Amino acid sequence: MADILTKRADDHAQWYNDLVLKADMAEHSAVRGCMVIKPHGYAIWEKMQRALDGMFKETGHVNAYFPLFIPKSYLAKEASHVEGFAKECAVVTHYRLKSDPVHGVVVDPEAKLEEELIVRPTSETIIWNTYRGWIKSYRDLPLLINQWANVVRWEMRTRLFLRTAEFLWQEGHTAHATRQEAIEETERMLEVYRRFAEEWLAMPVIKGVKTASERFAGAEETYCIEAMMQDGKALQAGTSHFLGQNFAKAFDVLFTNKENKQEHVWATSWGVSTRLMGALIMTHSDDNGLVLPPKLAPVQVVIVPIAKNAEQLGAISAFVAPMIAAMRAKGITVKFDDDDTKKPGWKFAEHELKGVPVRIAVGPRDMENSTVEVARRDTLEKQVMQTTDLAEKVDHLLANIQDNLYQKALAMRERYTRAVDTYEEFKAAIEQGGFILAHWDGTAETEERIKDETRATIRCIPLDGDVSPGACMVTGRPSNRRVLFARAY
RNA sequence: CGGGGUGUAGCGCAGCCCGGUUAGCGCACCUGGUUUGGGACCAGGGGGUCGUGUGUUCGAAUCACACCACCCCGACCA
């Protein structure tokens, strides 16, 4: 087979880049840091959206849409929020161009905006400013809203899907009458993200909370799910923030409680982005290309006819028609690749590159024997199957692939997760990659020192797992429990 | 923002050091034919402001200066 991708073992970053481009998911655009998401990539994102959107609605949320532009002054209303986002905001200063003999068009200096607008890096401010008008009574609560949107963060360094200047995401913004209720919401949505990651992306994640220094700008507590990529680095796959009353206070959002007293509402926000595409790629794919979990594959089964001529192709089409109908009846997405300008070998490689979970090859030999050749993308194994009950067999195979991908990723994470007790062990272990569970004294100073010396960060304080106390590996001071360290994307 | 790299056909590259016919090669594309169970083969064909600007020169893809863009590696972040 032709080597069209850089091998993972040679250069993981280059492999990732090649894969995104060659599998036709996205490409760089004319604008620095902004990508074009191509149909194959977008189809996967759409499947993610559909699944997540359903889960949001099952948990009582509704969708709405807020503006792309935010008055500059709004950003400053929540002190730590502005601190966190100010240095990466795109700003709109004018609303008109005019033609120019030398430069074609120039900004019309007479069209300067009274108040500059920023392109949203996230929507808390505009949303909370709006919520003020919507919330008057405890009867208006909880307010459970999600929006699907694009946001812009002027990142210094970008990577396709993992970090782009503009990215697509969803952001949930909820308002509650009590602290407890808001915390429950924050945790509920984190659990939705865990389920989505594990059941749809087949990507095991660790739920936890961020340390103070890694917390979202404006949050009281940031919960996250952390995943391990194949190169042993960590990727934050989703976040859910308990915002306390910070935004309610900044935007004067008050409600009257049952005792006729005015109170600030309690808030949450939570989001996942097109970064999940990067997570998906780096969790399962191999040197032959993309590997997609069946639940997110735009095409789950591709049928490749092997025909010498048009008559044979016609016979194969008739032969597979009932199988296709039976599979579709089971909700399986099937593509019959009867393009006669490409050879079978070319198609095999192409569909592997694009991550189609199951490939079925059918030729004259199969028609004689009432068989088909079924190849699975995850293990690259091929087997000849009788056509009897093929749809059921394929249905099982897809479920099996989905499960196998999860189990493989889980086994990898477990293999590369270890507990260490001394800083020396830690330094050696971090060079090997993977997750490290170690005791930490809870101070920002120690966290910072570890980061400076090893480039490892505390990914999260896990919600589950070993909670026995110990001594900080660096300072020896007491520690409540082990926390999760890794080098991260 | 520091470091490195790259801009030549749709894609990937050679040519540049040492200036000189009509700027090449592979893939892709078009036509015809033979093929088709792991990226087919033969023959013919089309496609280029060599990133931009200025300069040096009889002559610039090639030399000089400036600029622009993008990519990769770090620091910052979903």
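Q: What covers the buried residues of α8 in this predicted model?
A: Residues count as buried under 20% relative accessible area, with a 1.4 Å probe and protein chains only. Helices (H or I, at least four residues) and strands (E, at least two) are DSSP runs numbered from the N terminus, and contact means heavy atoms within 4.5 Å. The cover of the buried residues of α8 includes α1, α2, α6 (179–199), β13 (234–244), β16 (266–273) and α12 (390–415).

Q: How many residues of α8 are buried?
A: The buried residues of α8 include Arg275 and His284. Helix α8 is mostly covered, and its buried residues number ten of ten.

Q: At what angle do α2 and α8 pack?
A: Axes are lines fitted to C-alpha atoms, for helices over the stretch in contact, and angles run from 0 to 180 degrees between N-to-C directions. The two helices are roughly perpendicular to each other, a class that spans 65 to 115 degrees. The axes of α2 (residues 39–58) and α8 lie 10 Å apart, and the angle is about 105°.

Q: Which residues of α8 make the contact with α2?
A: On the α2 side, the contact is made by Gly41, Ile44, Trp45 and Met48. From α8 come Leu276, Met277 and Leu280.

Q: Which residues of α8 make the contact with α1?
A: The axes of α1 (residues 12–22) and α8 (residues 275–284) come within 11 Å and cross at roughly 115°. Helix α1 contributes His12, Trp15, Tyr16, Leu19 and Val20. Its partners from α8 are Gly278, Ile281 and Met282.

Methods
Residues numbered from 1 in each chain as written. Chains lettered and ligands numbered in written order. Predicted model: local features only at pLDDT ≥ 70, side-chain atom pairs only at ≥ 80, totals over all residues. Heavy atoms only, no water. Parallel < 35°, antiparallel > 145°, perpendicular 65-115°, else oblique. Buried < 20%, exposed > 50% of the residue type's maximum accessible area, 1.4 Å probe, protein only.
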